[in-house]
Amino acid sequence: MEVYDKKLTSRLFLGTAQYPSPAVLQAAIRASDTDLVTVSLRREAANGSGAGFWDLLRETGVRILPNTAGCHSARDAITTAQMAREVFGTDWIKLEVIGHADTLQPDVFGLVEAARVLSAEGFKVFPYTTEDLVVGERLLEAGCTVLMPWGAPIGSGRGLANPEGLRAMRAHFPEVPLVVDAGIGRPSDAAAAMELGMDAVLLNTAVAKAGDPALMARAMALAVDAGHKACLADPMERRDMAVPSTPVMGLADLNLAEKT
Amino acid sequence: MITIAGAGLAGLACAYALARRGVAVRLFERSGVIGADSAARYAGGMLAPWCERESAEEEVISLGSRAFDWWARITPVHRRGTLVVAPRRDRAEVARFGRRTREYRQVGGAEIGALEPALAGRFDQGLFFEGEAHLDPRRALRDLARAVVDLGGEISLGTEAPQQVDLDCTGMAAPLPSLRSVRGEMAILRCPEVEISRTLRLLHPRTPIYLVPRGDGHYMLGATMVESDHAGPPTLRALMELMGAAYALSPAFAEAEVVETGAGLRPAFPDNLPRLERRDGTLFLNGLYRHGFLLAPAMAEAAADQSMEHRDENTREFRTA
């Protein structure tokens, strides 16, 4: 897939938080075959730095998508994005403006505002949004060329809370890369998102908090690939009536047993 | 004579292991007071190998299991176990924690209340790791330093180490390229109204915390994990999370006095396990991460083994030359 004129070979984006150790994170990145990982820039990193951690991430050779996780206002997110550009040397930014501390639901008003400012400053903005179509339109007007609707609240692992909303979004924005971000708990959730025609899936907790993160990363990669291929293959429609799936090869002679 | 740079937890533990084997040791410590500059100053002091297994490799158990007796020779070790609880809405966290760990038994509300009356009626599900223990880190550092001196070891405080030492235990000051620091923020509360006798862990999907009794109505509350080498004071967010968790354990903590807040930098390697590394004639012990008191005994004994082998080899070479 292509976003902001860059080709990405994997449709799975991986978050880098909450792993037992950077070594386990590196193993998960390798097992997932991802080429894009998100990194949160906490404010401490600007004073001191998380240099040791970034170095370990860079070793993996993947592209880094800094995020503004934990920002609760447009202003805060804009500042964090500007700091992230300095620290990571990239103008890609996953824009999160959190509106609600408990559900971590995006504040879509602050999101559109921050997206407009950052796009004008040359940032390539990946907005974490809801499945709301009007908000999606506003984000595109603000300069985004990719949308990242949530599957369910961040870290909840609940899967796709509103698949119909995502389906509508796909239909409404046929040409815009759509990435389901947040809420994926299991590979079946990731596959379901891809079957809906999403372009990619971004997840973190489901892999980081699995008993074997690298194995789960692999499972997610396979599921994303399976869902994507299934979507391309044009799946059958669901129906209520059974249709026999065994070919009919002649008719059984029920008297045969008695004859012999 | 074996020279050691750094009289923090790692340096003192190595000195003790060597001195007990009859080896003359000399420690050089930049700061003027034992523990003043040490990451261990901010530690919880939990000897909790089975709980730590939740997010660490199997080595925390295999290396950590000898810590109890090792420390008990030096400083009081409180073998009261660890009680792990979660608020009702985060009950799934208890199940997850249980799947990743072992050597515990499930406890219901009644038993939680019997173990720690201060928690009675507040939690209806938990895990009790009976074999775990805790100690007071600052006291343990002092006791360990005294034990080293009693065994004839020499500790030079306020003194830079010479260029070449046999053992380097200088934590984040060591020139090891794959070493990084993981910041931890903590607080110490004084709350004599609340009586808790063992380590508590409050599971929470965002901010799991622990509370370790320090005796005399004091409790240590920790600790955040931030990938950063910023050593400044704790942030408001971190303190809010810590305080909120203490309040969730028991609302009586609302009246606690916050007698100290602090932040330390844990030295860690990429796998978050400690390592012994030999470079240019110096043996480095580093990367104790959040398992200092748990893993220092095993690592110090291994460092002592290697130091003595190295010394003996050098002596042999000298003789045959």
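1. Helix H1(B) is mostly covered, with 11 of its 12 residues buried (buried means under 20% relative accessible area with a 1.4 Å probe, counting protein chains only). The buried positions include Leu9(B), Cys14(B), Tyr16(B) and Leu18(B). After H1(B) comes Gly22(B), with a positive phi near 85°.

2. This is a predicted model, in which local features need pLDDT of at least 70 and side-chain atom pairs count only at pLDDT 80 or more, while totals for chains, interfaces and linings use all residues. Residues are numbered from 1 along each chain as its sequence is written, chains are lettered from A and ligands numbered from 1 in the order in which they are written, and side-chain values use heavy atoms, leaving out hydrogens and water.

3. At its start, a side-chain oxygen of Asp136(B) lies within 3.1 Å of the backbone nitrogen of Arg138(B). Arg138(B) is itself among the buried residues of H7(B), as are Asp143(B), Leu144(B) and Val148(B). Just after H7(B), Gly152(B) has a positive phi of about 95°.

4. Arg96(B) belongs to helix H5 (residues 91-100) of chain B. With a relative accessible area of 14%, Arg96(B) is buried. Leaving aside residues up to four places away in sequence, Arg96(B) touches Lys209(A) and Glu54(B) (contact means heavy atoms within 4.5 Å).

5. In chain A, the axes of H8 (residues 187-195) and H10 (residues 213-232) come within 7 Å and cross at roughly 25°. The two helices are therefore roughly parallel (angles under 35 degrees). H8(A) passes H10(A) in a right-handed crossing, that is, with the near helix turned clockwise from the far one by less than a right angle. Pro187(A), Ala190(A), Ala191(A), Met194(A) and Glu195(A) of H8(A) meet residues of H10(A) including Met216(A), Met220(A), Val224(A) and His228(A).

6. Chain A as a whole has 11 helices and 10 strands (DSSP runs of H or I, at least four residues, and of E, at least two). Its C-alpha trace spans about 90 × 40 × 35 Å along the principal axes. Of its 260 residues, 51% are buried.

Key. Buried < 20%, exposed > 50% of the residue type's maximum accessible area, 1.4 Å probe, protein only. Polar contact = N/O pair within 3.5 Å; in protein donor to acceptor, adjacent residues only side chain to side chain. Axes fitted to C-alpha atoms, helices over the stretch in contact; angles between N-to-C directions. Parallel < 35°, antiparallel > 145°, perpendicular 65-115°, else oblique.
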